[in-house]
Amino acid sequence: MNSVTNDINTTTTTNSKSGQDLGLYFLERSRLGSAQGPCDMDEDEEAPTELNTINSSGGFLVVSPDKLSVKYTNVNLHGHDVGVVQANKQAPVKRLVYYFEIFVKDAGTKGQIAIGFTSESFKMRRQPGWEANSCGYHGDDGLLYRGQGKGEPFGPTYTSGDIVGGGINYATQEFFFTKNGAVVGKVNKDMKGPLFPTIAVHSQNEEVLVNFGQKPFAFDLKDFEAQERMKQQMTIEKISLPTNVSHGIVRSYLLHYGYEDTLNSFDMASKSTVPPIYIAQENGSCEQEDIMYALSQRKTLRQLIRNGEIDAALSKLGDWYPQIVQDDKSATCFLLHCQKFIELVRAGALEEAVKYGRMQLAKFFELPEFEDLVKDCVALLAYQQPQESLVGYLLEESQREVVADMVNAMILSTNPNLKDSNSCLHSYLERLLRQLTACCLERRSLNDDQELPIS
């Protein structure tokens with residue numbers, strides 16, 4: 001008898017602990033809402049805007065005051081008397097393609113102009129492509145140089161009046177170069193690390209103007225990007241998966257979140273066309289069976305919370321799953337009471353909201369893990385138009401969804417056959433996306449944070 005009692009007590013303690021962890025997870029999700037307001041937008045990645053007059057071979061060229069044109073003013077006496085200048089920023093990497101152009105205003109006496117990309121430590125007395133970690137397309141011979149003094153056949157020469165461009169296609173990991181709006185050629189990008197757009201002039205009176213995007217390019221960059229996206233899309237579409245695999249993943253998502261009506265419609269629509277599939281968990285049980293648990297009740301509670309009917313949701317939770325709300329200072333009860341307060345503010349019942357706050361929220365003020373969210377809730381009362389305030393995120397539909405997801409997860413955690421409480425948090429579809437995101441980020445970090453081709 002004592003052994004059985006101990007087993008029950010152990011199970012109850014374990015479920016209680018997992019319930020606390022689940023509640024705290026959704027509490028953190030609510031907190032994140034305050035960090036996603038309109039004043040906290042991600043900044044765009046910095047891109048080159050002008051030439052870097054500090055990191056250049058200044059003795060052999062003159063840079064214009066606007067830092068967008070250079071001229072070779074000396075007489076070329078030696079091979080290393082090159083006028084080289086990099087852009088003020090490295091080429092952005094968090095995009096599909098980076099591109100810039102030069103206009104050859106004057107090819108000078110020899111037309112020894114070059115455009116390309118170099119590393120930050122590149123020797124600023126050498127043509128791009130003549131040293132390691134650099135690549136350059138040269139105008140006098142049309143050759144491409146990649147880290148050594150000997151060039152390789154690549155494209156036509158270019159001279160006065162020509163517009164030449166250099167770009168990085170991160171999808172294919174290639175450099176490409178253009179002349180007068182048309183692609184000349186492309187080559188594998190075998191360099192890693194920050195790369196800077198670079199131009200060089202090497203004979204008297206050579207002068208070029210640089211365009212980092214301040215004005216339209218001669219090359220149709222948008223069309224080029226669209227074509228690259230189309231190629232990626234076609235690559236994706238060639239990847240074949242059995243129809244019932246995607247069907248099973250979608251079905252597990254609907255089951256997990258209690259979308260019973262949508263699930264029934266989904267099953268009806270695919271009944272005659274998709275063979276059944278079951279996604280087995282590592283512990284050997286079938287996920288569909290686990291998350292069929294309390295489907296109808298989870299559906300009802302989700303609908304109530306999404307409609308803002310928190311009193312009704314609390315009442316049914318008390319009837320169906322009293323263990324979830326028995327601790328009136330748990331994260332679950334806290335978020336439900338917060339949502340009730342929010343719904344009163346939404347309805348304009350401010351006096352009732354104040355009374356409810358004093359009765360239900362006041363007890364959470366001295367608990368550190370709840371303090372921030374309590375303050376945000378109370379702050380709603382200070383604004384005539386709270387939806388436009390810094391705490392307006394609480395009035396968004398996404399906040400109701402957080403509470404509905406929490407209740408759904410808490411009910412799933414009461415399943416006596418559940419082996420892993422973490423499975424209550426996310427559906428198979430979400431876990432798959434999280435794994436895909438983690439893999440992509442890892443691959444990018446191994447490739448110096450650059451975009452990668454789909455393979």
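Me: What makes the contact between Arg-346 and Glu-343 a salt bridge?
Reply: The closest N and O atoms of Arg-346 and Glu-343 are 3.0 Å apart. A salt bridge is a side-chain nitrogen of Lys or Arg within 4 Å of a carboxyl oxygen of Asp or Glu, so the pair qualifies. This is a predicted model, in which local features need pLDDT of at least 70 and side-chain atom pairs count only at pLDDT 80 or more, while totals for chains, interfaces and linings use all residues. Residues are numbered from 1 along each chain as its sequence is written, and side-chain values use heavy atoms, with hydrogens and water left out.

Me: Why is Glu-343 called buried?
Reply: Its relative accessibility is 10%. Buried means under 20% relative accessible area, exposed over 50% and partly exposed in between (1.4 Å probe, protein chains only), so Glu-343 counts as buried. Arg-346, with 31%, is partly exposed.

Me: Why is the aromatic pair of Tyr-99 and Phe-219 called tilted?
Reply: The structure holds 20 aromatic pairs. In the pair of Tyr-99 and Phe-219, the centres are 5.1 Å apart and the planes make an angle of 45°. Rings of Phe, Tyr and Trp (its six-membered ring) pair if their centres lie within 6.5 Å; planes under 30 degrees apart count as stacked, over 60 as edge-to-face and the rest as tilted. The pair is therefore tilted. Both residues are buried.
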